[in-house]
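These are my notebook entries on a structure that I looked up. I set down each entry in the order in which I made it.

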Amino acid sequence: MNIKFVARKILASFLTLLAITFVNFAIFRMVPGDPIRMMFKDPRVSIEDIEAMKVKYGLDKPMMGQYINYMKNLAKGELGISFWQKKPVGKVIAERIPRTLGLIGLSLFLAVVIGTILGAVAGWKGGSKTDSAIMGISMTLYSVPSFAFGILLMLAFAYHFAIFPLGGIETPASGFTGIRKIFDIARHMVLPSFSIVLWYIGQYILITRSSMKDVLSQPYIVTARAKGVRERRILTRHALRNAFLPLITITGVNIAFMTGGIIEAETVFSWPGLGRLFYDAVMKRDYPLLQGCFLVFAVAVVILNFAVDLLYTRIDPRVRINGEAVNEG
Amino acid sequence: MRVNSYKLQKAGDFWAMFFSHRMGRTGFLIFCFFIFLALFAPILRTVPPEISGSADRILTGPDGISWLGTDDLARDVWSQVIFGSRVSLIIGFVTAIITVFTGTLVGLVAGFKGGIVDEILMRIVDFFMMLPHLPLMIVLAAVMGASIWNIVIVISIVSWPSTARLVRSQVLSLKERPFVEAIRCLGANDITMMMSEILPNVFPVMFAQGVLMVTETIYAESVLSFLGLGDPTTISWGTMLHFCFESGAMARSPWWVFPPIVCIVSLIISFSFLGTAVTDILTPGYKEKMGY
Amino acid sequence: MKKNLPILKFIAAALFIITFSTTAFAGGAQESGAAEKTRLNVAWTAGQSLDSLIIDENWQYLEMGCTLWQLCYDQLWIMGDAESGYAAQPMLATHWDVSEDKRTWTFYLRDDAVFHDGTPVTAYDVEFTFEYLPASDPAWDMVDFYYESMTVIDDYTIEITMVNPFGMPYPPMYWAPILPKHIWEPYKDNFKSYENDHMLGSGMYKIKEFKAGQYVWLEANEDYWGGAPGVDEIVFKIYGAEDTRNMAIQNGEADMVGYLGISPLTIEDFEDVEGIDVLISPDINIYWLNFNLHQKNGIQDLEVRKAIMHAVDVERIIEMALVGYGEPADSFVYKELEWYNDDITRYPYDAARAEAILDAAGYKDTDGDGVRNEKDGSGNMSYELLATADVSEEVKAATIIAEMLGDVGIDVQLKLVDTDTYYNYLYTPDEDYFDFSLSTEGPGPNGEWFWDFCRGWDNGGAGWNTAYYSSDEFDTAMDNMMASNTLEEKNMYRKEMQKIISEDIPYGIIFRKEIICPVNTAEFTGYTATMGGTSNWINPWSFLNIEAK
């Protein structure tokens, strides 16, 4: 791997992160009204108390000073105190991350597996009825917002047929441990992950189908077919392998976009992960928490993009060193 | 002097191909259907969608008076769906125009000027593309407050960069073409050249992006409204869903939940179909393959 | 084609197996695990959920906050349920004496109360709580805790001299958790610096597990002085939205709602369901139009406010927004209380009269655009009505009010914002964020604190007084009321204050909801409904009386 390329990417990612911290900082200074006053539910709060709270959150200083302060705290890993949970934002978020990663992991896995298989079938049978059926379904799925999916799934499988729980991550106050607990969580995961999967699956179908079609029209496949190589062997040895590359890119991009699906699904099913936390922070106008969540989402996306870039160069040596081809592919 | 050699297709060809494309046809039909609804909303047996009805008609199912039943203020769901199409289409188109215009402008300048200008603009574009979209929209909507135009602004801020990037790469490849070199030798200035030669060739990309933007906007509006960040004083498909969810009566009023979902989905599908058709047609080789 | 089928079949089979096995396994395990103990499941929405046990204003202002502490801590005395006529009942104090001037109170504590860690509850704990709780938490900085001196006479007797006379009819020191001094002593200057993970009190229940945003698991305090409660466990379950919460009660996941009841739209889902009873009671909250008298426009004109009150058809609001589950209201004092004033000025619905008042006062549509103009011709009578976007019923009520005012030529723009922004705007009327608002609050039967809503800003009323109302007449009446030491005298001033408000209309009181609470009667008895439903800030009784069948 080219060191110059990697260094360049690292620098770019770092600059982006820096800019993100600035945007993150600035947005929350644009809030109408007085965010500090919102922290107090009691209307009789005195001006002194408000001022004291401003000092505590460093909001009494001029903007530049506030930003420097913010960056200093960030460097120390401090994201402030949540207005609403009264705990350090970092702690609140850290607790939620594994739950969200679990949900993303399962959804992505299901989407890739099911999507690739269906896409491969569609591409292989290009032009047939199977193809158009799969295409039609996937485009329809792609058009349904995940929150709407979530609602429909919930109404169907948690209410009318109460097979799955209405939401949450575990049965409240169950006292389950070990394998029971794992099964309990798995059961709570089914509906939220499917509401995400059904949306992303469309992309995987489209992408696998088109790369499958590309590959099938390549001369070497035609040759292989002419030589009488078994169909399944062509499928697995040549076609799928070539479809693999765009899959990695789209997965990277998808994780970035998945932040959206995660927020919707976690909100509908009150899955206590980052997405629901973000939604609650918005609803309760908990600005430090909102800022923290946004930062986590943004940093995750930057890092993922960086990782995808690296992976891509590793797999496909044709990628130009300055990385242009990756983004414009 | 104009060099037409690179112009894509004649308009007639384009439409002929478009209508013979199955997806293009279907998408166009659905789209026309919604345009029809939006244009003729007042005469499609509707009542003003915001005005509450009488108390004995709260949450009634579909019947002869209200084709799609009523909501929790006895307002006609049918009228809300029809008038909601106006909101969705208007914000869809306005956002598409804003983002495509901004994106194209940035893309053209970056691609044409090159050098340091290009570098700076593209870093900005990169930066915006890196930001997680829905969270950014949610944060902006929460900070800016609920109004339909804020939603347009929010979606525009988040969505313009992808157009910029596509336009730029198109411009870059066009710049290398001999005919551009030729006019440049003839002494045309940048602006003239951009307007007369580059821009027309970027239109297809702009069009495809515009279509994509409309779908993304409709989607984003519905999500934001659902999350309670939409404009509660404007009846749109998103706010209909939001009110339904908030009312606590969603499970017992399917006639209220399904119409907005069906509309959102079919309008997005129609635009996806349109987009696919246009992309197919503009793909080099399609014309020959289809025998035009 | 046939070749593809095995793949699809495989996927379908795999999904089916995953689904089935997880369901069967987890479901089965759940039943066997919960069988030995009786457990009352209470359903809450996420917006009501308490997410930290730190003692702060959420214990007062958040639905779950003001319910939970009452289960884990004892109070000095407690307000009785509806059947007792909301009379003061002994709790930690078995009885009390009061001096002639009604200012010096002696409370005699029971000697068998212990905290969850076994330490006895003494008068020193009571003294400690009243000394530091109001100072540390402004939410308890209430008239009930304004004392001049406190003396611990012996371990189980405390004498408190109040600034104002009390006992008409309630004793002072209402509604506060008695905290264990030995735990809180190090944090007495700032109670918020203690995490309070276990909510260690002397109450009927103990915290077993607290998972922020998910559930609160309470277990019975077997050593409670009043005997162990009738259930072994209470679980507060938190649901993402009202819909899911209601579904949970329908499918038996939960036995009752935590607070505020269900939407009247869904009552049919619970009526005639076997094992579920629907209890309906009047709300503790009262709704009103909060006029912002700081605004320099027609709202300042009493005639305009009168016209608005006449133009609002309260019956229609109740029919539409509450589906009939509500009643008109016209005072901050509940109709069922002794000091409710029958003789106040009322503004019955009469649109023609509203128009006549506006015409006579000079608010005419001079530019012919269908909207009346301000008296000085400075523009349309176009006012912003502030309401919370988060509560469906309030959005509906505000929508209808806007329609009705439109009918008499007043243009109303709805300003629907999230709850926090709403209060931020409401509490700062001097910033002119709104012209009038749809507001609500629950004075409770012991509503002395509530009159601060009307005390003039320059007379110490800033804060509660969200109407920016100022009247010397009212302030004098209020001071007299606070100072009076007989019930008759006090009630006279209470009635006078109601009269003044009804004439000046800083707050145009319009309606009171009914709270609808579905409860599982198949497994439990003892649900106790007061004003505000089976569970609310004056009513921990359901949890204290509940028994498994």
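**Entry 1: a loop of chain C**

I began with Pro169(C), which I found in the loop between strand E7 (157–162) and helix H5 (181–184) of chain C. Helices (H or I, at least four residues) and strands (E, at least two) are DSSP runs, numbered from the N terminus. A cis peptide bond joins Met168(C) to Pro169(C), with omega at about 0°. I placed Trp175(C) in the loop between E7 and H5 of chain C as well. Trp175(C) is not a glycine, yet its phi is positive, at about 65°.

**Entry 2: conventions**

I noted that this is a predicted model, in which local features need pLDDT of at least 70 and side-chain atom pairs count only at pLDDT 80 or more, while totals for chains, interfaces and linings use all residues. Residues are numbered from 1 along each chain as its sequence is written, chains are lettered from A and ligands numbered from 1 in the order in which they are written, and side-chain values use heavy atoms, with hydrogens and water left out.

**Entry 3: chain A against chain C**

I looked up the contact (heavy atoms within 4.5 Å) and found 49 residues of chain A touching 56 residues of chain C. The size of an interface is often given as the accessible area lost when the parts come together. Buried area is the accessible area (1.4 Å probe) that two parts lose on being put together, summed over both. Between chain A and chain C it is about 4,900 Å², and carbon and sulfur atoms give 60% of that area.

How many salt bridges does the rule find across the interface of chain A and chain C? A salt bridge is a side-chain nitrogen of Lys or Arg within 4 Å of a carboxyl oxygen of Asp or Glu, and the rule finds four across this interface. I noted the salt bridge of Lys211(C) with Glu170(A), in which the closest N and O atoms are 2.9 Å apart.

I next looked up polar contacts: pairs of N or O atoms within 3.5 Å, where, within protein, one must be able to donate a hydrogen and the other to accept it, and residues adjacent in sequence count only if both atoms are side-chain atoms. The rule finds 10 residue pairs in polar contact across the interface of chain A and chain C, both residues being at pLDDT 80 or more. On the side of chain A that touches chain C, at least two residues each come from helix H2 (35–38), helix H5 (89–124), helix H7 (146–160), helix H8 (178–216) and helix H11 (274–283) of chain A. H8(A) supplies the largest share, seven residues.

I sorted residues by class: Ala, Val, Leu, Ile, Met, Phe, Trp, Tyr, Cys and Pro count as nonpolar, Asp, Glu, Lys and Arg as charged, and the others, Gly among them, as polar. The side of chain A that touches chain C has 25 nonpolar, seven polar and 17 charged residues.

**Entry 4: chain B against chain A**

I counted 37 residues from chain B and 45 residues from chain A in this contact. The area buried between chain B and chain A is about 3,700 Å², with 81% given by carbon and sulfur atoms. In chain B, the most area is lost to chain A by Met130(B), Val143(B) and Tyr219(B), together 18% of what that side buries. Across the interface of chain B and chain A the rule finds zero salt bridges. One residue pair is in polar contact between chain B and chain A, both residues at pLDDT 80 or more.

**Entry 5: chain B and one of its residues**

I found 11 helices and zero strands in chain B. The C-alpha trace of chain B spans about 80 × 45 × 25 Å along its principal axes.

Where is Ser169(B) found? I located Ser169(B) in helix H6 (residues 148–175) of chain B. A polar atom of the side chain of Ser169(B) lies 2.9 Å from the backbone oxygen of Leu166(B). From C-alpha to C-alpha, Ser169(B) and Ile269(B) are 28 Å apart in space, and they are 100 residues apart in sequence.
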